[in-house]
Amino acid sequence: NAIVGNEILDGQRYGIDLADAAAGVRIESNTIRDSGDEGIHVGTGASDNLILGNQFVHSKEENVYLLAASGTRVIGNVMVDAGAAGIFIKRSTNSYVADNIVFDNPIQVRGGSRDNVLEDNALRGPGSGYVFEALLENDTWTYPHNNRVTAGTVFNAEICVDLKGAYDNPVQGLAV
């Protein structure tokens with residue numbers, strides 16, 4: 001499956017939704033604007049999907065949301081003015097997030113997310129840069145761990161790297 005070269009405007013909920021364990025989908029060179037919730041939602045069980053070279057403007061919550069997904073690649077996107085996070089990674093594994101430009105919002109890694117690589121992204125304030133945050137679900141705490149930030153920049157952020165109950169997440173070569 002491929003979603004390439006579209007203009008997706010004013011979605012009531014999501015601009016694009018990868019649900020029911022969607023796999024191998026390529027989402028490339030789209031403009032996704034004014035989504036009612038998320039620009040792209042990559043849901044539970046989705047695997048090995050590629051989000052490449054898209055432009056996101058003003059998603060009500062997150063521009064890209066990975067929820068219990070694995071092997072997602074988010075590369076070379078430009079993200080502006082999300083209500084919450086530019087990229088939100090929750091309970092997801094083995095994702096590769098690289099060469100994205102994120103204005104005004106953090107890249108947030110939450111809950112039991114692990115083994116994700118965040119490489120050479122450019123985050124521009126005034127919000128936070130990278131946020132790693134524990135999550136309480138069903139009376140159990142889960143913690144982001146073994147995620148890696150390599151290179152890239154965080155500019156004009158209130159907090160460049162925010163660790164809230166996270167462990168074993170090395171940050172190396174980041175310019176702040």
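This is a predicted model: local features need pLDDT of at least 70, side-chain atom pairs count only at pLDDT 80 or more; totals for chains, interfaces and linings use all residues.

Visitor: How many salt bridges does a search of the whole structure find?
Guide: Five. Let's take three of them: Arg 26 with Glu 28, Arg 114 with Asp 115, and Asp 162 with Lys 164.

Visitor: Why is the contact of Arg 26 with Glu 28 called a salt bridge?
Guide: The closest N and O atoms are 2.7 Å apart. The label asks for a side-chain nitrogen of Lys or Arg within 4 Å of a carboxyl oxygen of Asp or Glu, so the pair qualifies.

Visitor: What makes Arg 114 and Asp 115 a salt bridge?
Guide: Their closest N and O atoms are 2.8 Å apart. With a cut-off of 4 Å, that passes, so the label applies.

Visitor: How do you know that Asp 162 and Lys 164 meet in a salt bridge?
Guide: The N to O distance is 3.5 Å. That is still within 4 Å, and therefore the pair counts.

Visitor: And why would such side chains pair in the first place?
Guide: As a general point, opposite charges on side chains can pair when the charged atoms come close.

Visitor: Is Asp 162 called buried or exposed, and why?
Guide: Its relative accessibility is 13%. Buried means under 20%, so Asp 162 is buried.

Visitor: What makes strand β6 mostly covered?
Guide: Five of the five residues in β6 (residues 38-42) are buried.

Visitor: How do you know that β6 pairs with β3 and with β9?
Guide: Pairing takes at least two bridges. Strand β3 (residues 14-18) has four to β6, running parallel, and strand β9 (residues 64-67) has three, also parallel, so both pairs qualify. In these pairs, Tyr 14 stands opposite Glu 38, and Val 42 faces Leu 66.

Visitor: Why are β2 and β22 said to stand at the edges of their sheet?
Guide: The sheet is open, with seven strands in the order β2-β5-β8-β11-β14-β17-β22 and parallel pairing. β2 (7-9) and β22 (153-155) each have a single partner strand, so one side of each lacks a neighbour in the sheet. Neighbouring strands here are turned by 5° against each other on average, direction ignored.

Note on methods: Residues are numbered from 1 along each chain as its sequence is written. Side-chain values use heavy atoms; hydrogens and water are left out. Buried means under 20% relative accessible area, exposed over 50%, partly exposed in between (1.4 Å probe, protein chains only). Helices (H or I, at least four residues) and strands (E, at least two) are DSSP runs, numbered from the N terminus. Axes are lines fitted to C-alpha atoms, for helices over the stretch in contact, and angles run from 0 to 180 degrees between N-to-C directions.
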